[in-house]
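My notes follow the model below, point by point, starting with the strands and ending with the aromatic rings.

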Amino acid sequence: MLARSLTLTGFIGIRDGLGRDSVTIDFARERAGAALVALTGGNGRGKTTILDNMPPYLVMASKAGGDGLGAFSYYDEVYLPVSEKVLDWEMDGTEYRQHLVIRINGRRRTEAYLHQRTEQGWVPVRLPDGTVSDGRTETYNRCVEHIAGPAATFFATAFSAQNRRQLSAYRHAEIKNLLADLLGLERVRALAERASDTGRLLRAGLCAVHEQRASLQTELDQLTQALEHMGDAASQADLARHNRNIALARLDARKADVASLRAQSALAAEHDARRGQLQLEREHVLAQGRAALAQITQQAQREQMRLNLLAQRSAQRLAAWETDLAALRAQRPAGW
């Protein structure tokens, strides 16, 4: 995700820091040919307000706990009757525009629009399921998360706000949800659950077929016994042959049903095998995730050791400076 330009109107941080109602920054022009872009200025000049409004989500991350997931309201950050935020940003080669309108004159209301640049100009974003960005915050959030992913993942991996929580402070459930979203495990888990349900239904159907087969076999045995007890009369023989033909026709039909269910059972076995393969892949991906977290933890520990060493060296140099200063003062002639 790349921010291209930002216009803020009516934000308290800009008014207090710059004494202006509105500010516009062309990020595309400022970063042209640059490997790193820094925003500098004194305390209270509005840097945090600008940085917090660079993501397309409906939150200012540093005001919502640093990870963008806490309580937040734009009404606490604006002062004009109608304040606006216009953010042009790019994702996977496609340009988007966030237009946020915050109204505090009378009834408070927030309108959020997401547009996409096409050959015909800016048009509202439309998702494959038919959702259109129509100004409501609910549809806006759905459109943004479809394009850029969930806010929790974005603020944990792509945007670092002031006072954000470190990954080491995340709970196990939060880490699992983060990895599941990054690695796409939800789709694998859903596929495994569907395969399990299919196998369970096929096994239940196969049991019913076995019961039907046993019932038909009992009926056939009864007919055979009836034939044995019949006399030699031609009419009784014809009747027995007729009943036998009916039973054989039923048996053939049941055999066809059994063959169909066996095919379904074989398909269920394939699904079970696929589910096992998906489970192995899932364990492999989780192992890679745990290894990555371990590397991050080790790197954090090494960086902390470096900071401690630098602090120790700084203290030593300060002590040496103070010693030299005391010596110079002692050498200074009286009256100087």
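1. The model is a predicted one, in which local features need pLDDT of at least 70 and side-chain atom pairs count only at pLDDT 80 or more, while totals for chains, interfaces and linings use all residues. Residues are numbered from 1 along each chain as its sequence is written, and side-chain values use heavy atoms, with hydrogens and water left out.

2. The hairpin of β4 and β5 has five residues between the strands, and G106 there takes a positive phi near 85°. Strand β5 covers residues 109-118 and pairs with β4 in the antiparallel sense over eight bridges.

3. On its other pairing, β4 runs antiparallel to β3 over ten bridges. These two strands form a hairpin as well, with two residues between them. In the loop between β3 (82-91) and β4 (94-103) you will find D92, which has a positive phi of about 55° although it is not a glycine. D92 counts as exposed because its relative accessibility is 75% (exposed is over 50% relative accessible area, buried under 20%, partly exposed in between, with a 1.4 Å probe and protein chains only).

4. In β4, V101 stands opposite E84, and its bridge partner in β5 is E111.

5. Buried or exposed: which is S83? S83, in strand β3, has 0% relative accessibility and therefore counts as buried. Its side chain reaches the backbone oxygen of G10 at 3.5 Å. Not counting residues up to four places away in sequence, S83 touches T9, G10, V78, L100, V101 and I102 (contact means heavy atoms within 4.5 Å).

6. R117 lies in strand β5 and, at 41% relative accessibility, counts as partly exposed. Leaving aside neighbours within four places in sequence, R117 is in contact with E95 and W122. R117 and E95 are 22 residues apart in sequence, yet their C-alpha atoms are 5.5 Å apart in space. Their side chains are joined by a polar contact of 3.0 Å (a pair of N or O atoms within 3.5 Å; within protein, one must be able to donate a hydrogen and the other to accept it, and residues adjacent in sequence count only if both atoms are side-chain atoms).

7. Please look at T131 too, in the loop between β6 (121-124) and α4 (137-148). With 9% relative accessibility, T131 counts as buried. The side chains of T131 and D129 make a polar contact of 3.0 Å. Beyond four places in sequence, T131 touches V125, R126, T139, R142 and C143.

8. How many aromatic pairs does a search of the whole structure find? The search finds three, where rings of Phe, Tyr and Trp (its six-membered ring) pair if their centres lie within 6.5 Å, and planes under 30 degrees apart count as stacked, over 60 as edge-to-face and the rest as tilted. F72 and Y74 form an edge-to-face pair, 4.9 Å centre to centre with 80° between the planes. Ring pairs link F11, F72 and Y74 into a cluster. F72 counts as partly exposed at 23% relative accessibility, whereas Y74 counts as buried at 6%.

Terms used:
Helices (H or I, at least four residues) and strands (E, at least two) are DSSP runs, numbered from the N terminus. Two strands pair if DSSP finds at least two bridges between them.
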